[in-house]
Amino acid sequence: MEDELNAYEECRQCGQCCNIRIVAIKLGEVERIRAYIAENGIVARDNGPFTCPLLDEDMRCMVWPVRSQTCRLHSCERTRAAILAEHPEVEREADRHWLDMRGAWLHGDFRDAREIDYFGEGLIDDEMQAYIDSL
């Protein structure tokens with residue numbers, strides 16, 4: 001049920017909700033996306049420090065048919081928490097791998113983001129540092 005669940009089939013695919021760097025994802029979903037990328041010759045794009053690198057130049061998802069549950073449950077109209085409250089059968093983030101989308105799809109680093117020392121490993125680029133400094 002959960003892999004097919006998409007509460008917002010009328011999604012405009014505008015990319016507005018794809019401005020998140022870390023996504024809770026199952027490892028099986030990662031493998032499904034990797035296979036789809038390889039089969040379709042998709043090349044991740046550097047869309048900035050927070051925008052998903054799997055969006056094309058028109059900000060449309062290049063892996064739409066195999067996107068993760070987290071992406072399937074995103075909506076510009078309602079919060080993820082509200083959607084999850086309506087669907088208790090959906091697995092929660094605590095049971096998932098936290099994937100740094102930029103690190104994974106641009107640099108091949110598929111470690112759980114909770115295990116990455118962004119500062120110590122020098123993974124903070126100028127744009128990310130500017131954002132951190134603005135907080």
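Of the 135 residues that make up the chain in this predicted model, 41% count as buried. As for secondary structure, the chain has 5 helices and 2 strands, and when they are read from the N terminus on, the order of the elements is β-α-α-α-β-α-α. Among the contacts between residues at least 6 apart in sequence, 64% join residues at least 24 apart.

In soluble globular proteins, nonpolar side chains tend to be buried together. The largest nonpolar core of this chain has 16 residues, and those with the most contacts inside it are Ile33, Ile37, Leu54, Val63, Leu99, Met101 and Trp105. Two or more residues are given to this core by each of the elements β1, α1 (27-40) and α4 (101-107).

The structure holds 1 cavity of 30 Å³ or more, and the largest cavity has a volume of about 360 Å³. This largest cavity is lined by 28 residues, of which Cys17, Cys18, Cys61, Arg67 and Cys71 are the closest to its centre. The elements that give two or more residues to the lining are β1, α2 and α4, and the largest share, 3 residues, comes from α2.

Two single residues complete the tour. Leucine 73 is placed in the loop between α2 (69-72) and α3 (80-86); because its relative accessibility is 0%, leucine 73 counts as buried. Between leucine 73 and isoleucine 83 there are 7.0 Å in space, taken from C-alpha to C-alpha, while in sequence these two residues are 10 residues apart.

Arginine 21, for its part, lies in the segment before β1 (22-25). Is this arginine 21 buried or exposed? With a relative accessible area of 11%, arginine 21 is buried, because a residue is classed as buried when its relative accessible area is under 20%. The side chain of arginine 21 has a polar partner, since its polar contact with the side chain of aspartate 100 is found at 3.2 Å, a distance that falls within the 3.5 Å cut-off used for such a pair of N or O atoms.

Technical notes: Residues are numbered from 1 along each chain as its sequence is written. This is a predicted model: local features need pLDDT of at least 70, side-chain atom pairs count only at pLDDT 80 or more; totals for chains, interfaces and linings use all residues. Side-chain values use heavy atoms; hydrogens and water are left out. Helices (H or I, at least four residues) and strands (E, at least two) are DSSP runs, numbered from the N terminus. Buried means under 20% relative accessible area, exposed over 50%, partly exposed in between (1.4 Å probe, protein chains only). A polar contact is a pair of N or O atoms within 3.5 Å; within protein, one must be able to donate a hydrogen and the other to accept it, and residues adjacent in sequence count only if both atoms are side-chain atoms. Contact means heavy atoms within 4.5 Å. A nonpolar core is a set of buried Ala, Val, Leu, Ile, Met, Phe, Trp, Tyr and Cys residues joined through side-chain atoms within 4.5 Å. On a 1 Å grid over the protein atoms alone, a cavity is a set of points where a 1.4 Å probe fits but cannot get out, and a pocket is an open set with protein on both sides within 12 Å along at least five of seven lines; lining residues have an atom within 4 Å of a point. Grid points are joined across faces, edges and corners, and a volume is the space filled by probe spheres set on the points.
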